[in-house]
Amino acid sequence: MTVRHPIGNVRNIGIMAHIDAGKTTTTERILFYTGITYKIGEVDEGTAVMDWMAQEQERGITITSAATTCYWKSHRINIIDTPGHVDFTAEVERSLRVLDGAIVILCGVGGVEPQSETVWRQADRYQVPRIVYINKMDRVGVDPERAIKQMKTRIGATPVVVQIPIGKEENFRGVIDLVDMKEIDWGDDLLGTRVEVKDITDEHKDEAKEKRNEMLEQLSDVDDGLMEKYLDGAEIPSDEIKRVIRKGTISLQFVPVLHGASFKNKGIHTLLDAVIDYLPSPVDVPAVRGHHPRTFDIETRRASDDEPFSALVFKITSDPFVGALSFFRVYSGKAKIGSFVFNAAKGKDERISRLLEMHANKRKDVKEVHAGDIAALGSMKNLSTGDTLCVRHHPIVLESITFPEPVVSAVIEPKSKIEHTKLAEALGKLSKEDPTFKVIRDPMTGQTLILGMGELHLEVLMDRLGREFGVKANLGKPKVAYKETITAVAEGESKYIRQTGGRGQYGHCKIAIEPLERGVGSTFIDNSKEGVIPKEFVPYVEKGVKEAMETGILAGFPVTDVKITLITGSYHEVDSSSIAFKIAGSLAFKDAVSKADPAILEPIMRLEVVSPDEYLGDIVGDINTRRGKIDEMEMRDGSRVIKAFVPLDEMFGYATTMRTITQGRGLFSMEFLNYKLTPLPIMEGIIAQVEGRIPVHR
């Protein structure tokens, strides 16, 4: 039976970083030292507990966010290990939405890398307090001071160094704790189980005093009591220092910085202590906000078992034994097996038949969940990512999770006709699991298109189709997922009249459209006068407009970033119907778009290339030929770092070009930035392809 920990002793944390900074390795060590596993799993050997998918073990990368629960010093820690690859950014996004705190791991050699910046921005957006762990202190070329400097310059963080390393590279032995003023020495013990805590040696005393004073100076800015003692030169107890570090961390004023070498099992104990000492429990973060599903009044829920039950579903996975597994975070109240919860997003009651405490892909049945818990529901078919679960007589809809739009598409078809249904079912399950993966039918060719965040994303999903669902399918060459928009204001009108004997059809509406800012999506507003169009028909006008937006008039791509206003219209007492107004809305929208200077939008990627200096000219020249714009260049450890913005359409196959130019010595990373207007010659080429019945997604 699981011991119930007080809510103040619960920590819901995520582990985030750039690829290869050591996220999964660090998590594996945490599981080992907290007694969850008896053997340390290794990413390089494909035995990591948290990388349980076959593809993760083969590729040595994290693809899905795995959840697990462990215990340290009478505290319960729920951990989510998130992916570092930009193609799986949705996994990071949905995890951050339900976490109270995070460990951001920086590679001591690479410092603040591109995906480190991305996860930092995501954590800023969700106001998640975090601690930084500088890993790989045992590696050749490690430079923790540079990593700390980059935290200030690249991500605008305020680091507070609470530990300094003892030695580095092959001489890294441990850390000096500036709070307790003790040396923590792991020596040469490979398992990291023998640790010596001792007084600071004369060799390190001066440096430790200097760094401690720097730390206390920073802490004085957040606490007047500590400032007085510091200025008076009084001795400050370590408990008070920890309290102030915790206060500043939770209020997002600064970020404590620790050091370690996870692969060599050094630094994990102190990292776990820091999670307990500095990161918030569910009661330390503000009450969660939402709205009433009917009145839309603001509702709040405190993290307490005494409050009405509320929880957010943040992830759905398919499980061969339990069917659909729905991961959720309990924000308030408690729920038992056999009880009913209300799905506020869908307006339905759901019965809880199975509650599970997750440990990567293993699970343990529990009878009850409480405020602050992260758990999973088994056999719940009607749940989707972002659904709010609550009690019917105290309903609340929590703010859902927003996901980036997919930017790459490809045609998919089964290898044999008999697998059509099987493929459709499997794609349906995968799209329910992953909100950045979409399945649509190409209106021009009738083919099935799958859309994702990048080539690797689609490749992994294809791999899963075969392994998990036993479906053999062919995937076309990945293409760009373009969109359409308008660049001018216009009006459109349509009268849909059909008389076929007996009752006819009559729908008439006039709409105005105007362009919106890039990336905000589209809105529909009803500004028609009372009685011009009966209120029951207005939603059908909107429905018709939205259907027309799915296929733009230039090349059949979805239309976005448009404000649509219903101005006026008319109706017939006998012949008007919902279908007539739906068709009229669709035709009026197409009429308006044709007058509003329609244009095609293309996805722009943020590119970072790291290469030896001698290849700089060739790399810049190649980026220019790809319609790229250089943003900045800098030197880093003798290598040249080039940052640029490049259209995704020009970046297919870039890995091969990069290897050729730099003779295999260059690295690059790429992430989606935004959609921008396509230059006219390129736009004309896309339209010509469509008209020539060449597959629409280039």
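1. Cysteines. Cys 509 counts as buried, its relative accessibility being 0%, and Cys 107 is likewise buried, with a relative accessible area of 7%. The model is a predicted one, and the count of disulfides in it comes to zero. A disulfide is a covalent bond between the sulfur atoms of two cysteines.

2. The sheet with strands S31 to S34. Four strands form an open sheet in the order S31-S32-S34-S33, and the pairing in this sheet is mixed. Strand S31 (490–498) and strand S33 (523–526) stand at the edges with a single partner strand each, so that one side of each has no neighbour in the sheet. Direction ignored, neighbouring strands of this sheet are turned against each other by 25° on average. Within it, strand S32 (residues 505–515) and strand S34 (residues 562–570) run antiparallel and are joined by eight bridges, and Glu 514 stands opposite Lys 563 in S34. Helix H12 (residues 538–549) packs on the sheet, where it touches S32, S33 and S34, and the direction of H12 makes about 155° with that of S33.

3. The sheet with strands S7 to S10. Here, too, four strands form an open sheet, in the order S7-S8-S9-S10, but with antiparallel pairing. Its edge strands are strand S7 (163–166) and strand S10 (196–199), each of which pairs on one side only, and the twist from one strand to the next averages 25°. Strand S8 (residues 174–177) is joined by four bridges to strand S9 (residues 182–185), the two running antiparallel; the bridge partner of Asp 177 in S9 is Lys 182. Helix H6 (residues 202–220) packs on this sheet and touches S7, S8 and S9, with a direction that makes about 160° with that of S7.

4. Side chains of opposite charge can pair when their charged atoms come close, and the count of salt bridges in the model comes to 35. Lys 595 is partly exposed, with a relative accessible area of 49%, and Asp 591 is partly exposed at 22% relative accessibility.

5. Which parts of the chain does the pair of Glu 357 and Arg 76 tie together? Glu 357 lies in strand S19 (residues 355–359) and Arg 76 in strand S3 (residues 75–81), so the pair ties together parts that are 281 residues apart in sequence. The salt bridge between their side chains has an N to O distance of 3.4 Å. Glu 357 is buried, with a relative accessible area of 10%, and Arg 76 counts as buried at 8% relative accessibility. Elsewhere, a network of salt bridges links Asp 223, Lys 229, Glu 240, Arg 243 and Lys 247.

6. Surroundings of Asp 365. Asp 365 is found in strand S20 (residues 362–366) and counts as partly exposed, since its relative accessibility is 45%. Leaving aside residues up to four places away in sequence, Asp 365 touches Arg 354, Leu 355 and Leu 356. With Arg 354 there is a polar contact between side chains, at 2.9 Å; as for Leu 355, which is ten residues from Asp 365 along the chain, the C-alpha atoms of the two residues are separated by 5.9 Å.

7. Helix H1. Is helix H1 (residues 23–33) largely enclosed by the rest of the structure or largely open? Eleven of its eleven residues are buried, so helix H1 is largely enclosed by the rest of the structure. Gly 35, which follows H1, has a positive phi, near 85°.

Methods. Residues numbered from 1 in each chain as written. Predicted model: local features only at pLDDT ≥ 70, side-chain atom pairs only at ≥ 80, totals over all residues. Heavy atoms only, no water. Buried < 20%, exposed > 50% of the residue type's maximum accessible area, 1.4 Å probe, protein only. Contact = heavy atoms within 4.5 Å. Polar contact = N/O pair within 3.5 Å; in protein donor to acceptor, adjacent residues only side chain to side chain. Pairing = 2+ DSSP bridges. Axes fitted to C-alpha atoms, helices over the stretch in contact; angles between N-to-C directions. Salt bridge = Lys/Arg side-chain N within 4 Å of Asp/Glu carboxyl O. Disulfide = S-S within 2.5 Å.
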